Amino acid sequence: MLFTFHIRQGDSALITEIDVPSQQLKGLKTKQTTCVKDELTIDAGNLGFRFTGKWNKDSNQAEGTFYEGINSKKLSLIRDAIAEAKPNRPQEPKKPYPYREKEVVFKNLKANITLAGTLTLPELSGKNFPAVILITGSSPQDRNETIAGHNHFGF
């Protein structure tokens, strides 16, 4: 899972906010951040974890340990590396798809609404196949249910 730690100098102390793009979380405020003699501590007890590490000016990163409850894991915080990181989405299909696509529209004149969608059909014809209807969730999104850069429906 990818985390982005935004550490900045506030009026009187360091401030850290955390983003977790895969869960659409942004700007989570931590309790306290300190850096004394290159020892970096991010106390996010309010979020259920803590990070302690040593800042290495030569490598421009903090090597340390991420603590969550009784669990701990080695973690490196690398300055500015996040700009290059992109999630790997191998499950998203690439054209040409192994199926046929057809855009469909349904008009409900009584309710004065129009529904549109994409019908996908197997390449094989003349056989009966089960049908599945995929409907996006209730939050704002496109017809592919794109969330955090991932097309859940893959069209």
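These are my notebook entries on a predicted model of one protein chain.

**Ground rules.** I number residues from 1 along each chain as its sequence is written, and I use heavy atoms for side-chain values, leaving out hydrogens and water.

**Overall make-up.** I looked up the secondary structure and found zero helices and 12 strands, where helices (H or I, at least four residues) and strands (E, at least two) are DSSP runs numbered from the N terminus. Of the 155 residues in the chain, 20% are buried; buried means under 20% relative accessible area, exposed over 50%, and partly exposed in between, with a 1.4 Å probe and protein chains only. The chain exposes about 12100 Å², of which carbon and sulfur atoms supply 53%, the areas coming from the Shrake-Rupley method with a 1.4 Å probe.

**Core.** I then listed the largest nonpolar core, which has 12 residues, among them Phe5, Ile18, Leu40, Phe51, Trp55 and Leu77; such a core is a set of buried Ala, Val, Leu, Ile, Met, Phe, Trp, Tyr and Cys residues joined through side-chain atoms within 4.5 Å. Strand 2 (14–20), strand 5 (39–44), strand 6 (49–56) and strand 7 (61–68) each supply at least two residues of this core.

**Trp55 and Gln61.** Setting aside neighbours within four places in sequence, I find Trp55 in contact (heavy atoms within 4.5 Å) with Asp38, Asn60, Gln61, Ala62, Leu77 and Arg79. Gln61 is found in strand 7 and counts as buried because its relative accessible area is 17%.

**Pro93.** I placed Pro93 in the loop between strand 8 (71–78) and strand 9 (99–108), and it counts as partly exposed because its relative accessibility is 34%. Pro93 and Asn151 are 58 residues apart in sequence, yet 9.8 Å apart in space, C-alpha to C-alpha.

**Leu115.** My last entry concerns Leu115, which sits in strand 10 (residues 113–122) and is exposed, with a relative accessible area of 52%.

Terms used
Predicted model: local features only at pLDDT ≥ 70, side-chain atom pairs only at ≥ 80, totals over all residues.
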